[in-house]
Amino acid sequence: MGDERTWPVREKVRVFEEASADSDREERPVSYTDFSYAGGYEAARDLVARGATAIMCGSDVMAAGALEAVRAMGLTIPGDVSVVGYDDVFWSALTNPPLTTMRQAVPALARAAVRAALSGGEESRRPSRTLVVVRPQLVVRGSTGSAPEA
């Protein structure tokens, strides 16, 4: 994940912890780093060393670094470790293997941003605070598979 002091990162971690609360695993490790290829590489090495068999990255750029780190450790994707990105950037289907990712609804996000920017009115110097929830779409490709046998 990215900077743990930001709301989007804290919210993603909250949802991850809530969704995985019923997991058999006691530890559900999270690694905080920047949203870069190098950040994803280092975080993946850390998470795999802590026993992770699946890695959900905060961006596709981070996921590309994670793919490289897993391969550099002599492991296979998705046989040993599954990797998921976030954004569905144009090249995510071109990685090796093609990256499973969460596609953001960019047009809906853009419309919401424009509406929020224009809703302040001529007299307002501050934009109104608006919470917009846009559900991402899971795009399943070749970087994810069944969990390896224990």
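Student: Which residue in β2 does I55 stand opposite?
Tutor: This is a predicted model, where local features need pLDDT of at least 70, side-chain atom pairs count only at pLDDT 80 or more, and totals for chains, interfaces and linings use all residues. Residues are numbered from 1 along each chain as its sequence is written, and side-chain values use heavy atoms, with hydrogens and water left out. Strands are DSSP runs of E, at least two residues, and helices are runs of H or I, at least four, numbered from the N terminus. The residue opposite I55 is V83.

Student: How many bridges join β1 to β2?
Tutor: Two strands pair if DSSP finds at least two bridges between them. β1 and β2 run parallel, and the bridges joining them number 3.

Student: Which strands stand at the edges of the sheet?
Tutor: The open sheet has 4 strands in the order β1-β2-β3-β4, with mixed pairing. Each edge strand has a single partner, so one side of it is left without a neighbour in the sheet. These strands are β1 (54–56) and β4 (137–139).

Student: Is S92 buried or exposed?
Tutor: S92 sits in the loop between β2 (82–87) and β3 (100–103). Buried means under 20% relative accessible area, exposed over 50%, partly exposed in between (1.4 Å probe, protein chains only). The relative accessible area of S92 is 0%, so this residue is buried.

Student: Which residues does Y37 touch, not counting residues up to four places away in sequence?
Tutor: Y37 belongs to helix α2 (residues 37–49). Contact means heavy atoms within 4.5 Å. Beyond four places away in sequence, Y37 touches V61, A64, G65 and E68.
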